[in-house]
Amino acid sequence: MAELSQILRQATGVLAARGAGVQLFDEQERRYLDFTAGIGVTSTGHCHPRVVEAAQRQVATLIHGQYTTVLHRPLLTLVERLGEVLPPGLDRVFFANSGSEAIEAALRLSRQATGRPNIIVFHGGFHGRTVAAASMTTSGTKFRSGFAPLMAGVHVAPFPDPGHYGWPVEQATDFALSQLDYVLQTLSAPADTAAFFVEPVLGEGGYVPANERFFAGLRERADAYGILLVVDEVQTGFGRTGRFWGGEHFDAHPDVVVTAKGLASGFPLSGIAAPSALMDKAWPGSQGGTYGANAVACAAAVATLDVIADERLVQNAAERGEQLREALRTVADKYDAITDVRGLGLMIGVEFRDGAGRPDGTTAVAVQQEAARRGLLLLTCGAWGQVVRFIPALVVSADEVDEAAGVWSDAVSAVL
């Protein structure tokens with residue numbers, strides 16, 4: 001008899017049977033508030049009726065039209081609709097299945113377009129689990145250990161994380177930019193550097209937002225040296241942060257955007273977008289894949305865009321995010337063990353540290369597990385697992401935020 005790999009570990013013990021909006025139900029019909037959204041994937045909630053209808057309709061007509069063999073209408077419609085929401089100037093799109101695949105597509109494009117070998121990433125970033133993507137990931141050793149050698153040509157510069165360094169944000173930003181210059185001077189000469197890859201908000205690295213001055217510094221250096229700025233919006237995109245793209249908070253001006261997760265409300269779909277002149281520098285045959293731009297996933301993505309627009313979910317993410325942050329800060333004010341509540345929109349992290357100021361993953365997991373027992377599903381992140389993250393679907397209501405905050409307060413009280 002076959003079983004799942006014993007190395008897989010579930011964050012909760014829930015056996016999900018069905019879902020609706022931000023609610024999950026197990027096989028005994030116990031209800032849970034799902035503030036994980038499949039790690040930010042079910043952007044329109046579980047089984048949004050319009051997404052379900054679009055997928056069902058597409059399954060009945062064409063399930064798979066391999067898009068380097070034939071084209072299909074959901075793909076063409078999705079490309080047209082993305083043109084309405086992509087950052088200015090990004091008018092060409094390539095689709096894949098996962099965030100890791102999209103990151104590697106952006107990596108390949110960056111190297112081919114510039115003729116340069118090196119990539120600079122930022123400490124704490126997560127870009128995926130495949131070999132190249134893992135080589136670019138520094139949010140935790142578990143993503144990159146045990147299968148060396150990793151891909152060469154990756155260099156790491158600091159991310160402006162005030163909590164990690166114990167500095168004000170301005171000082172952390174000064175340090176990050178000065179150390180980036182040091183990397184360019186000592187490890188990867190500008191003439192050898194193809195691209196900067198950066199998340200607007202560190203995801204697995206602890207839900208730490210960047211800032212406008214940091215992105216301005218990246219853009220300035222990219223323009224000065226002919227380096228591409230690749231913004232990894234896999235977790236921050238599609239309204240998650242209260243703007244359609246997380247980089248909009250910081251006036252990012254990317255050369256390439258990478259998207260996945262919330263793009264198709266749970267169907268596997270990812271992509272990169274770039275200007276036509278840049279995409280034209282990709283080598284013939286360098287872009288492809290069997291399942292990329294699957295017809296059902298594309299139909300679901302079009303429906304997702306419709307729901308986000310019609311139900312004003314980007315604005316809802318901003319409003320419900322502020323409501324949730326304030327509620328979480330009220331709880332945090334009661335406990336010395338909670339040292340920070342941070343994030344943008346519906347991407348919020350609560351950090352735990354011990355009495356000596358060290359990251360406290362043990363307490364974070366204990367509270368996360370207690371919350372699950374009480375019916376609130378959450379995840380952890382951060383290098384030590386010291387951050388509990390709140391990432392509900394963008395359809396979450398004010399009442400559901402209040403309910404979740406109440407469960408969280410009770411869980412924290414029970415553990416601390």
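In the predicted model, Phe 143 has a relative accessibility of 5% and therefore counts as buried, the limit for this class being under 20%. The ring of Phe 143 is paired with that of Phe 126: the centres are 4.8 Å apart and the planes meet at 70°, so the arrangement is edge-to-face. Phe 126 belongs to the loop between strand S5 (118–122) and helix H5 (131–135), whereas Phe 143 belongs to the loop between H5 and strand S6 (154–157); the two residues are 17 residues apart.

In total, the structure holds 15 aromatic pairs. Ring pairs also join Phe 122, Phe 159, Phe 196, Phe 214, Phe 215 and Phe 250 into a cluster.

The largest nonpolar core comprises 90 residues, and Trp 408 is among those with the most contacts inside it, together with Phe 197, Ile 272, Leu 376 and Phe 390. Helix H10 (residues 295–310) makes the greatest contribution to this core, with nine residues. Since domain 1 (16–47 + 312–415) and domain 2 (51–311) both give residues to the core, it lies between them. Among the residues that Phe 390 touches are Phe 35, Tyr 207, Leu 376 and Trp 408. Another core, of 30 residues, lies apart from the largest one and includes Ala 176, Val 183, Val 201 and Val 208.

How values were computed:
Residues are numbered from 1 along each chain as its sequence is written. This is a predicted model: local features need pLDDT of at least 70, side-chain atom pairs count only at pLDDT 80 or more; totals for chains, interfaces and linings use all residues. Side-chain values use heavy atoms; hydrogens and water are left out. Rings of Phe, Tyr and Trp (its six-membered ring) pair if their centres lie within 6.5 Å; planes under 30 degrees apart count as stacked, over 60 as edge-to-face and the rest as tilted. Helices (H or I, at least four residues) and strands (E, at least two) are DSSP runs, numbered from the N terminus. Buried means under 20% relative accessible area, exposed over 50%, partly exposed in between (1.4 Å probe, protein chains only). A nonpolar core is a set of buried Ala, Val, Leu, Ile, Met, Phe, Trp, Tyr and Cys residues joined through side-chain atoms within 4.5 Å. Domain bounds come from an automatic or database domain assignment. Contact means heavy atoms within 4.5 Å. Lists of a residue's contacts leave out its neighbours within four places in sequence.
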